[in-house]
Amino acid sequence: MTDDDLVLRDGVVEFARPARPPLSVRVNGSAINSITERAQALQAWKVRVASAVKAVRGGEPWKTADTYAVTLAFTFYPPNHGNQRLDLDNFVKPVIDALAAGLFCPAQINPRDIPRWDYDDSNFNTLLVQRLPDATTMGGEGVTVSVSSAQQPQVAP
């Protein structure tokens, strides 16, 4: 893939010729970061994200061999985070881990039963992270996850 194969549509990075229709899902709730949150809260957030992605992806897992362009658009409600300054990159990894699980876990796996969040995300080659304006209510916090995929070119033996 080359940069020419990517387009920006309505703030979402997509492949010009995607392998399948792009996936987009909004996950509401207090976004959890990978640094300061307790393991239980982090696990619950990953399950929420993975479950939402899996529900939208359809029955069968997507192919880890494909190439992926991912857009994450975060909206925060500052009182959920003690009105502290937020280091956006710390919120990205839990969502990426959960996204990979939601896309690639077998159909029979319930995200609540995932013990390790180590699904292969090495082909998430393009990542756009956005911090949208802050939410005015607790219920407005969350992340919109958008994914576009392209098939890897076949290499001749």
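An axis here is a line fitted to C-alpha atoms, for a helix over the stretch in contact, and angles between N-to-C directions run from 0 to 180 degrees. Keep that in mind as we walk through this model, which is a predicted one.

**Two helices side by side**

Let's start with helix 1 and helix 2. Their axes are 7 Å apart, and the two pack at an angle of about 40 degrees. Angles under 35 degrees count as roughly parallel and those from 65 to 115 as roughly perpendicular, so helix 1 is called oblique to helix 2. The crossing of helix 1 past helix 2 is right-handed.

Who does the touching? On the helix 1 side you'll find L42, W45, K46, V49, A50, V53, K54 and R57. Helix 2 brings P94, V95, D97, A98, L99, A101, G102, L103 and F104. Sorted by class, this contact has twelve nonpolar residues, one polar residue and four charged ones.

Four of them form an open sheet in the order 3-6-4-5, and the pairing is mixed. Strand 3 and strand 5 sit at the edges, each pairing on one side only. On average, neighbouring strands in this sheet are turned by 15 degrees against each other, ignoring direction.

In general, strands of a sheet pair through backbone hydrogen bonds, either parallel or antiparallel. Which sense do strand 4 and strand 6 use? They pair in the antiparallel sense, over nine bridges. Within that pairing, L72 stands opposite V145 in strand 6.

| Helix | Strands it meets | Direction |
|---|---|---|
| Helix 2 (residues 89-104) | touches strand 3, strand 4, strand 5 and strand 6 | about 130 degrees with strand 4 |

One residue deserves a visit of its own. Where is A31? A31 is in the loop between strand 3 and helix 1. Is A31 buried or exposed? Its relative accessibility is 1%, and buried means under 20%, so A31 counts as buried.

Leaving aside residues up to four places away in sequence, A31 touches W45, F74, F76, H81, F91 and E141.

Terms used
Residues are numbered from 1 along each chain as its sequence is written. This is a predicted model: local features need pLDDT of at least 70, side-chain atom pairs count only at pLDDT 80 or more; totals for chains, interfaces and linings use all residues. Side-chain values use heavy atoms; hydrogens and water are left out. Two strands pair if DSSP finds at least two bridges between them. Helices (H or I, at least four residues) and strands (E, at least two) are DSSP runs, numbered from the N terminus. Contact means heavy atoms within 4.5 Å. Angles under 35 degrees count as roughly parallel, over 145 as roughly antiparallel, 65 to 115 as roughly perpendicular and the rest as oblique. A crossing is left-handed if the near helix is turned anticlockwise from the far one by less than a right angle, and right-handed if clockwise. Ala, Val, Leu, Ile, Met, Phe, Trp, Tyr, Cys and Pro count as nonpolar, Asp, Glu, Lys and Arg as charged, and the others, Gly among them, as polar. Buried means under 20% relative accessible area, exposed over 50%, partly exposed in between (1.4 Å probe, protein chains only).
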